[in-house]
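Please open the structure in your viewer and keep the selection tool at hand.

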Amino acid sequence: SKLKIGLIPADGIGREVIPAAQAALEALGSDIPKPEFTHLLAGFEYFQRKGEALPDETVETLRESDCALFGAVSSPSKKVTGYSSPIVALRKILDLYANVRPVVSVADTPGGKPAVDLIVVRENTECLYVKQETLEHGPHGKEARATRLITERASRRIGRMAFELALNRPRKHVTIIHKSNVLSVTDGLFRETVRAVPALEDGRYDEVTIAEQLVDSAVYRLFREPHIYDVMVAPNLYGDIISDAAAALVGSLGLVPSVNAGDTFVMGEPVHGSAPDIAGQGIANPIASIRSAALMLRHLGYSKGADRIDKAVDEVVREGTVSTPDLGGKSKTQEVTDEIVKRI
Ligand code: NAI
Ligand code: MG
C-alpha cells in the first residue's frame, strides 16, 4: 500500500521548507508505506495570479489523500476583496478541529530556556476565526464589530483531544486557558465544557489533573516557569498567541511543528508563517516542517518513522554545527535538510 500525501507549500518560505519535509519522509524507506506525493496549489500568490486562493482541485485531491503537509500563507493585513486565507478555510472544510502544537526544548539550543516540554492544543474552527466582521458608521465615526463563536460541541471535542494527549504523557496535566473573568459567556462556556469532559468518560481520565489559568497570566507564567505546563488547551485565538510565545522559549519559531487534526484527516503545518523578511534567501529553518511531518506520522500511528525523524533532528539541533541564522548559525535550508536526511 501507499501513503498518499498532499503537499501545499503555498507562499514565501512555505515553498522552501515543504521540500525539506518531503525529503525527510522519503528517507524513511520501509518504516512507512511508500509515500506518494501530490503537489497542490493554494495561497495569496496563487490568488493574485488566478483570482482564487484555494482551487477546488486542491480540496478534492486532499479528500482522496491520507494526509497532507501545508507550508504557510501570506495574508494581507488589509482586506483584499475576494481573498480569504486558504489555511483557515481548509481547517473548516476538512473539519480539522484541533491544532496540536508541541513545544519542546532541546538542551542548549541558543536562546532557549531549559525544560520546556508542553503541548498547546488550540481549537481550530471557531472563536474570532469565524470572521464575521462588520463596519458601520456611528454617530462618532466608524464602528467595527466581530463575532466570537464558542460552541459546546467544539469545546467538548477539543477538550477530549487535550485529555487524550495528556493520558499519553508522563505528567498527565491539563491547563485550561481562558478569560472568563471578562468574557464570562463565551470563555465561560469553553471553560465549563472542557472541565466537564472527564465526567462524560467514566473514569478514563481519572489520572489527569486539571488546572486553569487566565490567558494573560498564563503568558506571564509561561515565560517565568514554563515547566509548570504540560497540555494547554485554549480557544482559537489564545492558542495561536500562546504557541508563538512558547516558540520563543525554545529558541525559534523555525523549530515548532503542528498538526491540524480531525477524526479522519491530519495535516502537518509549521507554526510559523510565510516569513517575507527572509523568503527567497534559502535560509529558512526547515526543522518546524520536518518535525510537522513526524508529528503527522505519529497521528497516523507510524511512530517508528516519527521517532527516526525526531531523533535525527534532535541530534542536529543539539550539536549545533549545522544551523540556520535564526539559531545563530550560517547554514542554508538545504544544508540543514541534508544533514538531517543523512542521519535519518
Ligand atoms: P512569521 O511566522 O512568518 O515570521 C515571524 C518571524 O519569525 C520573522 O522574523 C521570520 O523571519 C521568523 N521565522 C518564521 N519562520 C522561520 C523559519 N522557518 N526560519 C527562520 N526564521 C523564521 O510571522 P509574520 O511575519 O507575523 O507573518 C508573515 C506572514 O505569514 C503574514 O502574511 C501572516 O499572515 C502569515 N502567517 C501565516 C500563517 C500560516 O500560514 N498558518 C501563520 C502565521 C502567519
Ligand atoms: Mg500563529
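Select Ile-287, Ile-290, Arg-291, Ala-293, Ala-294, Leu-297 and Arg-298 in α10, and then Ser-303, Gly-305, Ala-306, Ile-309, Asp-310 and Val-313 in α11; these two sets of residues meet in this predicted model. By class, the contact of α10 with α11 comprises 8 nonpolar, 2 polar and 3 charged residues. How far apart are the axes of α10 and α11, and at what angle do they pack? The axes are 7 Å apart, and the angle is about 160°. Angles over 145 degrees count as roughly antiparallel, and α10 and α11 are therefore roughly antiparallel to each other. Their crossing is left-handed.

**Next selection: α1 with α10**

Is the crossing of α1 and α10 left-handed or right-handed? α1 passes α10 in a right-handed crossing. To see where they touch, select Val-17, Ile-18, Ala-20, Ala-21, Ala-24 and Leu-25 on α1, together with Ser-289, Ile-290, Ser-292 and Ala-293 on α10. This contact of α1 with α10 holds 8 nonpolar and 2 polar residues, and no charged ones. Ile-290 and Ala-293 of α10 deserve a label, for they take part in the contact with α1 and also in the contact with α11.

**Next selection: α11 with α12**

Move on to helix α11, residues 303–319, and helix α12, residues 333–343. Their axes come within 8 Å and cross at roughly 130°. That angle makes α11 oblique to α12. The crossing of α11 and α12 is right-handed. Select Ala-312, Val-313, Glu-315 and Val-316 of α11, which meet Val-336, Glu-339, Ile-340 and Arg-343 of α12. Here the classes are 5 nonpolar, no polar and 3 charged residues. Val-313 of α11 is on the list facing α12, and Val-313 is also among the α11 residues that meet α10.

**Next selection: the two domains**

Colour residues 1–100 and 257–344 as domain 1, and residues 113–249 as domain 2. Taken over C-alpha atoms, the centres of the two domains are separated by 24 Å. How many residues of each domain are in contact with the other? In domain 1 there are 10, and in domain 2 there are 16. On the side of domain 1 that touches domain 2, select α4 (86–93) and β4 (98–104), each of which supplies at least two residues. That side of domain 1 has 6 nonpolar, 2 polar and 2 charged residues.

Centre the view on ligand 1, which has 21 residues around it. Which of these residues come nearest? They are Ser-75, Gly-254, His-272, Gly-273 and Asn-285. Show the whole shell and colour the residues by class: 11 are nonpolar, 8 are polar and 2 are charged.

Key: Residues numbered from 1 in each chain as written. Chains lettered and ligands numbered in written order. Predicted model: local features only at pLDDT ≥ 70, side-chain atom pairs only at ≥ 80, totals over all residues. Near = placed C-beta within 6 Å. Nonpolar A, V, L, I, M, F, W, Y, C, P; charged D, E, K, R; others polar. Left-handed = near helix turned anticlockwise from the far one by under 90°. Helix = DSSP H or I, 4+ residues; strand = E, 2+ residues; numbered from the N terminus. Contact = placed C-beta atoms within 7 Å. Domains from an automatic or database assignment. Axes fitted to C-alpha atoms, helices over the stretch in contact; angles between N-to-C directions. Parallel < 35°, antiparallel > 145°, perpendicular 65-115°, else oblique.
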